[in-house]
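Dear colleague,

I am handing over the structure we spoke about, and the notes on what was found in it follow directly below. Please read them with the coordinates open beside you.

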Amino acid sequence: MARINPHINFNGNAEEAFNFYQSVFGGSFERVVRMKDLASADFPVAAEDADKILHIALHIGSNLLMGNDVPSFLGRVNEQENRSKISISADSKEEADRLFNGLSAGGTVEMPIADSPWGSYFGMFRDKYGIEWMVDFNEKK
């Protein structure tokens, strides 16, 4: 079956955010590529963008969480957009609590983690980097 691996754009703090995500999830970085790593005569990189992340990928179980910094010539991403969320299906209530509490630290809780009306243990928040997450544990699945 196909896997879904989310990809997040950042405004210059992708490395900081991914180090934070690694501190919560564990896992290892598949690859970290900076914009300067691809610089050439055909692909000039502005000095302000040289150390920005072009690609970063964190292994989380059999999934990847990927991201990059947006180069300055493309402008900034809207960190307050709310069109999508990253959904985590935890294997236990304890894991759900650990992930919810770890990732929401310094962020804004939109829905505290608790038993939901639809029968799962669920919570929702925006992390300190503006990324929206949902954490769910359903013991029937």
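Seven salt bridges are present in the structure, which is a predicted model. One of the seven joins the side chains of K52 and D49, with a separation of 3.0 Å from N to O. Both partners fall under the 20% limit for buried residues: K52 counts as buried because its relative accessibility is 17%, and D49 counts as buried because its relative accessibility is 3%.

A second pair to look at is E110 with K85, whose side chains meet in a salt bridge at 3.3 Å, N to O. Through salt bridges that share partners, K85, E110, R126 and E132 are joined into one network.

V109 is partly exposed, with a relative accessible area of 41%, and its C-alpha atom lies 6.4 Å from that of R126, although 17 residues separate V109 and R126 along the chain. D115 has a relative accessibility of 58%, so it counts as exposed, the threshold for that class being over 50%. Between the C-alpha atoms of D115 and S89, which are 26 residues apart along the chain, the separation is 14 Å.

Turning to the overall architecture, the protein contains two helices and eight strands, and when read along the sequence these follow the pattern β-α-β-β-β-β-α-β-β-β. The C-alpha trace spans about 55 × 30 × 25 Å along its principal axes, and of the 141 residues of the protein, 40% count as buried.

The packing of the helices can be described briefly. Two packed helices are described by the angle between their axes and the distance between the axes. Here helix α1 (residues 14-25) and helix α2 (residues 93-104) pack at an angle of about 155°, and their axes are 9 Å apart. Because angles over 145 degrees are classed as roughly antiparallel, α1 and α2 are roughly antiparallel to each other. The crossing of α1 and α2 is right-handed.

G26 is placed in the loop between α1 and β2 (29-34), and with a relative accessible area of 27% it is partly exposed. The C-alpha atom of G26 is separated by 7.2 Å from that of I60, a residue 34 positions away along the chain. L74, in turn, is found in the loop between β4 (63-69) and β5 (86-89), where it counts as exposed at 57% relative accessibility. The C-alpha atoms of L74 and G107 are separated by 26 Å, and these residues are 33 apart along the chain.

Finally, which residues form a nonpolar patch on the surface? They are L38, F43 and L54, and together they have about 240 Å² of accessible area. L54 lies in strand β3 (residues 53-60), and at 32% relative accessibility it counts as partly exposed. That value also meets the requirement for patch membership, because patches are made of residues with over 30% relative accessible area.

With kind regards

Key:
Residues numbered from 1 in each chain as written. Predicted model: local features only at pLDDT ≥ 70, side-chain atom pairs only at ≥ 80, totals over all residues. Heavy atoms only, no water. Patch = residues over 30% accessible without salt bridge, like charges linked within 9 Å, V, L, I, M, F, W, Y side chains within 5 Å. Areas by Shrake-Rupley, 256 points an atom, 1.4 Å probe, with all protein chains shown as cover. Salt bridge = Lys/Arg side-chain N within 4 Å of Asp/Glu carboxyl O. Helix = DSSP H or I, 4+ residues; strand = E, 2+ residues; numbered from the N terminus. Buried < 20%, exposed > 50% of the residue type's maximum accessible area, 1.4 Å probe, protein only. Axes fitted to C-alpha atoms, helices over the stretch in contact; angles between N-to-C directions. Parallel < 35°, antiparallel > 145°, perpendicular 65-115°, else oblique. Left-handed = near helix turned anticlockwise from the far one by under 90°.
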